[in-house]
Amino acid sequence: MGGRRAGWVNGIFNDRRGAAKNKKTTVTRARSTEAGATFKNYAWTEAPFEAKGEFMGDYNGIAAYGGRVYGAWTETAAVAAAPDFTPRFREPPARLLTTTS
């Protein structure tokens with residue numbers, strides 16, 4: 001979790017909700033401005049990727065500073081034979097996915 005400001009809650013997670021056979025994942029930011037009562041989900045990756053047996057979520061991070069939220073994660077490259085553990089960073093704007101309560 002990151003970015004606690006006047007009831008704001010932010011989280012980052014690997015999201016397989018839209019994956020066929022539960023294989024590919026995207027990185028999603030969940031944001032609440034109501035102390036966690038409801039959340040909006042934002043896509044933080046350009047395209048789904050396959051973790052290929054790695055524990056990718058163990059290396060996710062999120063931080064907030066100056067009114068912005070930053071995420072860091074690892075992902076596999078689409079064309080690489082082995083996982084690419086280069087950290088990825090993202091800040092808003094991101095594409096809105098869903099709103100949950």
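In the predicted model, Asp15 is buried, since its relative accessible area of 8% falls under the 20% limit applied to burial. This residue takes part in a salt bridge with Arg17, in which the closest N and O atoms lie 2.7 Å apart, a separation that is within the 4 Å cut-off for such a contact. A search of the whole structure returns one salt bridge. In general terms, side chains of opposite charge can pair when their charged atoms come close.

With regard to the overall architecture, the protein chain contains zero helices and eight strands, so that the order of elements from the N terminus on reads β-β-β-β-β-β-β-β. Of the 101 residues of the protein chain, 28% count as buried, and the chain exposes about 6400 Å², of which carbon and sulfur atoms supply 55%. When contacts between residues at least 6 apart in sequence are considered, 46% of them join residues that are at least 24 apart.

The pairing of strands can be followed from strand S2, which comprises residues 24-32. Strand S1 (residues 9-15) runs antiparallel to S2 and is joined to it by seven bridges; in this pairing, Gly11 has Ala30 of S2 as its bridge partner. S2 also pairs with S3 in the antiparallel sense, over four bridges, and here Ala30 stands opposite Asn41 in S3. The strands S2 and S3 form a hairpin with six residues between them, and within the turn Ala35 adopts a positive phi of about 55 degrees. An antiparallel pairing of S2 with S4 is found as well, over two bridges, with Phe49 in S4 as the bridge partner of Thr25.

Two arginine side chains are positioned over aromatic rings. Arg29 stands opposite Tyr42 in S3 and also lies over the face of Tyr42, at 5.8 Å from the ring centre, so that this placement falls within the 6 Å limit for a charge over a ring. Arg31, in turn, lies over the face of Trp8, at 4.6 Å from the ring centre.

Contact between aromatic rings was examined separately, and the structure holds one aromatic pair. This pair consists of Trp44 and Trp73, whose ring centres are 6.1 Å apart and whose planes meet at 25 degrees, and the pair is therefore stacked, because planes under 30 degrees apart are assigned to that class. The two residues belong to distant parts of the chain, 29 residues apart, with Trp44 in the loop between strand S3 (39-43) and strand S4 (49-50), and Trp73 in strand S6 (residues 68-73).

Notes:
Residues are numbered from 1 along each chain as its sequence is written. This is a predicted model: local features need pLDDT of at least 70, side-chain atom pairs count only at pLDDT 80 or more; totals for chains, interfaces and linings use all residues. Side-chain values use heavy atoms; hydrogens and water are left out. A salt bridge is a side-chain nitrogen of Lys or Arg within 4 Å of a carboxyl oxygen of Asp or Glu. Buried means under 20% relative accessible area, exposed over 50%, partly exposed in between (1.4 Å probe, protein chains only). Rings of Phe, Tyr and Trp (its six-membered ring) pair if their centres lie within 6.5 Å; planes under 30 degrees apart count as stacked, over 60 as edge-to-face and the rest as tilted. A charge sits over a ring if NZ of Lys or CZ of Arg is within 6 Å of the ring centre and within 35 degrees of the ring normal. Two strands pair if DSSP finds at least two bridges between them. Contact means heavy atoms within 4.5 Å. Accessible areas come from the Shrake-Rupley method with a 1.4 Å probe; for residues, only the protein chains shown count as cover.
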